[in-house]
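Here's a quick briefing on helix packing and pockets. Have the structure open while you read.

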Amino acid sequence: MKFIQRWGLMRNTYPENIQEHSARVAMIAHALAVIRNERFGGDVNPDRIAVLALYHDASEVFTGDLPAPVKYSNPEINSAYKALESTATRKLQDMLPNDLRRTFDGILVPEASEEDHVALVKAADKLCAYLKCLEEIGAGNREFADAETTLRTSVEEMELPEVAYFMETFVPGFRLTLDELEIGT
């Protein structure tokens, strides 16, 4: 996963691979789950969500990271890519020893009953893309300006209270430099 770069169609001030991305998605997905449970009366498993997030892009070791403008450019490409991801996931599953397969099958392909968990992973994935745009723009890379606008709209349209809370409470901190962060008071 560390060899698969994201944002392949754009100049990056800081390259990001899918291993780094997956770790960040896991941390934010975990936070979203905790926020849902503690602030909005939810009943999701933050640890399970973090594990699902860690593996959410694992199939990309075979497919690479197809940029969103290509992946979603038309329904045929999107459908073909989903089929390719499914094939890559099955290949990963088939590579596992039989005694480990059952556990990892449920991680690589979550159960249909886990739709709330999967939704939070998807929200965290989208938030991470948005945060990447903020970081690139903060570093003077205007190439991410259009993506930032599109992703911010996409995040806001999720209408998940934990996402809105995260945006309001934590995203402003991602815009700060290390010197601007106050440590201890």
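For the classes used below, Ala, Val, Leu, Ile, Met, Phe, Trp, Tyr, Cys and Pro count as nonpolar, Asp, Glu, Lys and Arg as charged, and the others, Gly among them, as polar. On that basis, the lining of the largest pocket splits into 23 nonpolar, nine polar and 13 charged residues. Keep in mind that this is a predicted model.

**Largest pocket**

- The largest pocket comes in at a volume of about 1,600 Å³.
- Its lining takes in 45 residues, and D57, K71, Y72, E85 and D125 are the ones nearest the centre.
- Helices α4 (68-71), α5 (75-95), α6 (98-108), α7 (115-138) and α8 (145-156) each put at least two residues into the lining of the largest pocket.
- The top contributor to that lining is α5, with nine residues.

**Second largest pocket**

- Here you get about 170 Å³ of space.
- Lining the second largest pocket are L134, E135, I137, G138, A139, F174, R175, L176 and T177.
- Helix α7 supplies the largest share of this lining, four residues.
- Sorted by class, the lining of the second largest pocket has five nonpolar, two polar and two charged residues.

**Where α1 meets α9**

- Helix α1 (residues 18-40) packs against helix α9 (residues 161-169) at an angle of about 110 degrees, and their axes are 9 Å apart.
- That angle falls in the 65 to 115 range, so α1 and α9 are roughly perpendicular to each other.
- The crossing of α1 and α9 is right-handed.
- On the α1 side, I28, L32, I35, R36, R39 and F40 make the contact, while α9 brings P161, E162, V163, Y165 and F166.
- By class, that contact of α1 with α9 has eight nonpolar, three charged and no polar residues.

Definitions and conventions. Residues are numbered from 1 along each chain as its sequence is written. This is a predicted model: local features need pLDDT of at least 70, side-chain atom pairs count only at pLDDT 80 or more; totals for chains, interfaces and linings use all residues. Side-chain values use heavy atoms; hydrogens and water are left out. Axes are lines fitted to C-alpha atoms, for helices over the stretch in contact, and angles run from 0 to 180 degrees between N-to-C directions. Angles under 35 degrees count as roughly parallel, over 145 as roughly antiparallel, 65 to 115 as roughly perpendicular and the rest as oblique. A crossing is left-handed if the near helix is turned anticlockwise from the far one by less than a right angle, and right-handed if clockwise. Contact means heavy atoms within 4.5 Å. On a 1 Å grid over the protein atoms alone, a cavity is a set of points where a 1.4 Å probe fits but cannot get out, and a pocket is an open set with protein on both sides within 12 Å along at least five of seven lines; lining residues have an atom within 4 Å of a point. Grid points are joined across faces, edges and corners, and a volume is the space filled by probe spheres set on the points.
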